[in-house]
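Please read the following report alongside the sequence and the structure.

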Amino acid sequence: MNITYFGHSCFGVEINGKHLLFDPFISPNELAKGIDVQKIKADYILISHGHEDHIADAVAIAKRTKAKVIACWEVISWLTKQGVENTHPTNIGGKLKLDFGSVKCVSAIHSSSMPDGSYGGNPMGFVIESSEGNFYYAGDTALTYDMKLIGNYRKIDFAFLPIGDNFTMGVDNAIIACSFINCDDVIGMHYDTFGYIKIDKHEAITKFESAGKKLSLLEIGKILVK
Ligand code: NI
Ligand code: MN
């Protein structure tokens, strides 16, 4: 699996030759201004919830790439109104079997509304299972006991967890989340993009190390091979 970080909570993950793109928010992100949005590849775009910092570039990328967009019913309804045609509406609990593997939609403790203020349904996380490995993309969420369900029934090889605090869980709760999902290999997201979620990165990595776990903070634009 090749993972490319596009800043904030946006990652490209290549699995079995298919390009998955999570929560596209690139062009408004000062930290990601080195990224050319036009060049981002996508066969699938997965959107955890409707907040601007997860959906800002979704319409443009979906129209250019014709990628299939996977999100909850309400997010898909909004995207359809913006002219996005290739979509798959889902909701928490649903599992989709796709050509690269499967996507299970899981709960996230957060809120959701669309950039124009319309109703965004419930926020979600995703569990991806494939022949190349399994991972959990948490979206925006607090620590929740529901995460135990994720780790109990399959092996999670690594997880994308929010660590910026304030709007989501922070570092200390993300370390507890590792225990809940039985996974000690974390890629951090949803930190440093704006003032409320600035973190001390060195301290975060040290805290994970002290707990016997690994936190990777990827450089924007760089590729990580898993
Ligand atoms: Ni949010
Ligand atoms: Mn967010």
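## Report on the predicted model

Glu-209 is exposed, with a relative accessible area of 55%; exposed means over 50% relative accessible area, buried under 20%, and partly exposed in between, with a 1.4 Å probe and protein chains only. This is a predicted model, in which local features need pLDDT of at least 70, side-chain atom pairs count only at pLDDT 80 or more, and totals for chains, interfaces and linings use all residues. Residues are numbered from 1 along each chain as its sequence is written, chains are lettered from A and ligands numbered from 1 in the order in which they are written, and side-chain values use heavy atoms, with hydrogens and water left out.

Glu-209 belongs to helix α6. Helices (H or I, at least four residues) and strands (E, at least two) are DSSP runs, numbered from the N terminus. From C-alpha to C-alpha, Glu-209 is 9.9 Å from Ile-175 in space, and the two are 34 residues apart in sequence.

### Helices α5 and α6

Two packed helices are described by the angle between their axes and the distance between the axes. Helix α5 covers residues 171-181 and helix α6 residues 201-210; their axes come within 10 Å and cross at roughly 30°. Axes are lines fitted to C-alpha atoms, for helices over the stretch in contact, and angles run from 0 to 180 degrees between N-to-C directions. The crossing angle makes α5 roughly parallel to α6, a term for angles under 35 degrees. The crossing is right-handed, which means that the near helix is turned clockwise from the far one by less than a right angle.

Which residues make the contact of α5 and α6? On α5 they are Val-171, Asp-172, Ala-174, Ile-175 and Cys-178, and on α6 they are Ala-204, Lys-207 and Phe-208. Contact means heavy atoms within 4.5 Å. The residues of this contact comprise 6 nonpolar, no polar and 2 charged. Here Ala, Val, Leu, Ile, Met, Phe, Trp, Tyr, Cys and Pro count as nonpolar, Asp, Glu, Lys and Arg as charged, and the others, Gly among them, as polar.

The buried residues of α5 are Val-171, Ala-174, Ile-175, Ala-177, Cys-178, Phe-180 and Ile-181. They pack against β10, α4, β11, β12 and α6. Ser-179 is also in α5, but is partly exposed at 42% relative accessibility. Between the C-alpha atoms of Ser-179 and Met-169 there are 14 Å, and in sequence the two are 10 residues apart.

### The metal site

Four residues supply the protein donors of the manganese ion (ligand 2): Asp-53 (OD), His-54 (NE2), Asp-140 (OD) and His-190 (NE2), lying 2.2 Å from the ion. Donors are N, O and S atoms within 2.8 Å of the metal (3.2 Å for Na, K and Ca); water is not among the atoms, so sites may look incomplete. Along the sequence, the spacing of the donor residues is D-H-x85-D-x49-H. His-54 lies in helix α1 (residues 52-55) and Asp-140 in the loop between β10 (133-137) and α4 (147-152), so this pair ties together parts that are 86 residues apart in sequence.

Asp-140 also bridges the manganese ion (ligand 2) and the nickel ion (ligand 1), which lie 3.0 Å apart.

| Residue | Relative accessible area |
|---|---|
| His-54 | 0%, buried |
| Asp-140 | 2%, buried |
| His-190 | 1%, buried |

### Residues with a positive phi

Most residues other than glycine have a negative phi, and most peptide bonds are trans. His-190, in the loop between β12 (185-189) and α6, has a positive phi near 60°. Asp-165 likewise has a positive phi near 60°. Asp-165 sits in the loop between β11 (158-162) and α5, and at 46% relative accessibility is partly exposed. Asn-182 follows α5 and has a positive phi near 55°.

In helix α2 itself (residues 58-65), Ala-58, Val-59, Ile-61 and Ala-62 are buried. The elements that cover these buried residues include β3 (18-22), β4 (44-46), α1, β5 (68-72) and α3 (73-81).

Notes:
Angles under 35 degrees count as roughly parallel, over 145 as roughly antiparallel, 65 to 115 as roughly perpendicular and the rest as oblique.
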